[in-house]
Amino acid sequence: QVQLVESGGGLVQAGGSLRLSCAASGSIFTINAMGWYRQAPGKQRELVASTTSNGSTNYADSVKGRFTISRENAKSTAYLQMNSLKPEDTAVYYCYVVRSPQYGGSTYWGQGTQVTVSS
């Protein structure tokens, strides 16, 4: 089992910055990928950014150049640095982890954190 605790959301003006954190505990040695999805009202959940244990990263086109995902502490904590925020970034952001295939490949989700960007 893996437990996730998210923090760092809030209200910011357009052009501002926020940093989200996602701290994993439990069987952290089984984690391969970590990242965030987001879901805005009336929209489908979409992948924002992800990183794997080998250091590769992936970003949604809409956040490239503005958001940066990183990982530290024996790869059990991930961060999402969000700069140049836009009103369209407003959503609930959900941290997730994916266990390595040899451990079943299951996905775990954080509780979600609200990010609101005012114009």
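Two strands pair if DSSP finds at least two bridges between them, a handy rule to keep in mind for the first close-up of this predicted model.

**View 1. Strand 1 pairs with strand 3.** The two strands run antiparallel, and six bridges join strand 1 to strand 3 (residues 18-26). At one of these spots, Val2 has Gly26 of strand 3 as its bridge partner. Strand 1 covers residues 2-7 and shows two faces: Val2, Leu4 and Glu6 are on the covered one, while Gln3, Val5 and Ser7 are on the uncovered one.

**View 2. Tyr37 meets Trp109 edge-to-face.** The whole structure holds four aromatic pairs. Here the ring centres of Tyr37 and Trp109 are 5.5 Å apart with the planes at 65 degrees, so the pair counts as edge-to-face. Because Tyr37 belongs to strand 4 (residues 31-39) and Trp109 to strand 10 (residues 107-109), this contact ties together parts 72 residues apart in sequence.

**View 3. Tyr96 and Trp109 form a tilted pair.** For these two rings, the distance is 5.6 Å centre to centre, with 40 degrees between the planes. The pair links distant parts of the chain, with Tyr96 in strand 9 (residues 91-99) and Trp109 in strand 10, 13 residues apart. Tyr96 counts as buried because its relative accessibility is 8%, and the cut-off for buried is under 20%. Stepping back, ring pairs link Tyr37, Tyr96 and Trp109 into a cluster.

**View 4. Arg45 sits over the rings of Tyr94 and Trp109.** The charged end of Arg45 is 4.0 Å from the ring centre of Tyr94. For the ring of Trp109, the distance from its centre to that charged end is 4.8 Å.

How values were computed: Residues are numbered from 1 along each chain as its sequence is written. This is a predicted model: local features need pLDDT of at least 70, side-chain atom pairs count only at pLDDT 80 or more; totals for chains, interfaces and linings use all residues. Side-chain values use heavy atoms; hydrogens and water are left out. Buried means under 20% relative accessible area, exposed over 50%, partly exposed in between (1.4 Å probe, protein chains only). Helices (H or I, at least four residues) and strands (E, at least two) are DSSP runs, numbered from the N terminus. Rings of Phe, Tyr and Trp (its six-membered ring) pair if their centres lie within 6.5 Å; planes under 30 degrees apart count as stacked, over 60 as edge-to-face and the rest as tilted. A charge sits over a ring if NZ of Lys or CZ of Arg is within 6 Å of the ring centre and within 35 degrees of the ring normal.
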